[in-house]
Amino acid sequence: MQNKMNLLRDLQEIDLEISAIETTRQNYLDELDTFAADATRVQAMLDQLNDEVAQLQHDEAELQQGLLKERDNVTRVEARLPEIQTQKEYVAVLKEIDIAKKANKDVEEQMQAKQQEVTTLESDLLEKEGELAAIQEKSEGRGAELKQLLAESEEVLLKRTQTRESVAAELPVSLLRKYHTLFKRRGGLALVLARNGACLGCHMQLPPQQYNRLLQVHEIQTCPHCNRILYVDTEK
Ligand SMILES: [Zn+2]
């Protein structure tokens with residue numbers, strides 16, 4: 001019986017170590033995911049900025065084309081001026097030219113506004129590119145470290161799992177099953193010390209006759225309050 005209890009205690013110790021290693025590994029993986037998520041997020045902003053710049057440049061090119069056409073028009077109309085015969089027609093053409101020039105000025109202003117917007121977006125782009133480069137640099141450095149840590153912890157995990165299996169193989173299946181259920185349900189503490197007549201898992205007092213039987217270490221006993229498997233310090 002004492003041997004079984006010792007094996008169970010070993011098992012619990014290894015299992016706690018295994019779950020600590022697994023938690024640490026999960027943290028490493030989460031950290032790697034964070035880098036990837038950050039890079040994706042900044043890349044999405046960059047893509048959007050690039051789209052906006054492309055759209056603005058497209059608009060600007062269209063305005064530019066319209067402007068050139070309109071300027072040609074003005075030149076052509078102006079060339080007609082010397083041939084005009086009547087005062088009335090002359091005034092009409094001048095008015096036409098004036099309207100066209102004003103319209104062109106509007107277009108030029110619109111183009112300037114677009115250029116201004118592009119300049120602003122380009123400085124945003126530079127900033128985001130810097131941000132992305134910083135994330136990538138960090139992710140390469142820390143990422144390599146994390147991968148190394150993951151590889152190392154995987155080895156440790158493998159060894160612990162092997163040890164665990166050899167310890168578990170020595171225990172009866174029914175006891176092992178009970179232990180497993182408790183380990184999951186009781187947050188990794190299936191086996192607890194009983195001292196001075198109390199269970200140290202739930203800190204409740206045990207029935208005195210149960211505690212006495214427990215001290216004799218003849219059978220597996222569980223706490224009537226929290227159901228954990230009890231053991232006593234027999235070395236002291
Ligand atoms: Zn208890």
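**Terms set against their definitions**

Modeller: Gladly, with the reminder that this is a predicted model.

Colleague: What makes β3 and β4 paired strands, and in which sense do they run?

Modeller: Pairing requires at least two bridges between the strands, and β3 and β4 (residues 229-231) are joined over 2 bridges, in the antiparallel sense. They belong to an open sheet of 4 strands with mixed pairing, in the order β2-β1-β4-β3.

Colleague: Why is one side of β2 and of β3 left without a neighbour in the sheet?

Modeller: β2 (198-199) and β3 (221-222) stand at the edges and each has a single partner strand, so one side of each has no neighbour in the sheet.

Colleague: How do you know that the end-to-end distance of α1 agrees with its number of residues?

Modeller: Helix α1 covers residues 2-80, and at 1.5 Å a residue its 79 residues should span 117 Å; the C-alpha atoms at its ends lie 116 Å apart, which agrees with that expectation.

Colleague: Which residues of α1 are called buried, and what covers them?

Modeller: A residue is called buried when 20 or more other C-beta atoms lie within 10 Å of its own, and in α1 the term applies to Leu8, Leu11, Gln12 and Asp15. Their cover includes α2 (87-169), α3 (173-185), β1 (191-195) and β4. Over the protein chain, buried residues make up 10% of the 236 residues.

Colleague: What makes up the largest nonpolar core, and which elements give two or more residues to it?

Modeller: That core has 17 residues, and among those with the most contacts inside it are Tyr179, Ala190, Leu191 and Ile229. The elements giving two or more residues are α1, α3, β1 and β4. Leaving aside residues up to four places away in sequence, Ala190 touches Gln12, Tyr179, Leu182, Phe183, Arg228 and Ile229.

Colleague: How does the radius of gyration of the protein chain stand against that of a compact globule?

Modeller: A compact globule of 236 residues would have a radius of gyration near 18 Å, whereas the protein chain has 40 Å. The C-alpha atoms fill a box of roughly 130 × 35 × 30 Å along the principal axes. The domain assignment gives domain 1 (14-171) and domain 2 (176-231), and 61 Å separate their centres, taken over C-alpha atoms.

Notes
Residues numbered from 1 in each chain as written. Predicted model: local features only at pLDDT ≥ 70, side-chain atom pairs only at ≥ 80, totals over all residues. Expected span 1.5 Å × (residues − 1). Buried ≥ 20, exposed ≤ 12 C-beta atoms within 10 Å, placed from the backbone. Contact = placed C-beta atoms within 7 Å. Core = buried A, V, L, I, M, F, W, Y, C linked by C-beta atoms within 7 Å. Domains from an automatic or database assignment. Rg over C-alpha atoms; globule rule 2.2 N^0.38 Å.
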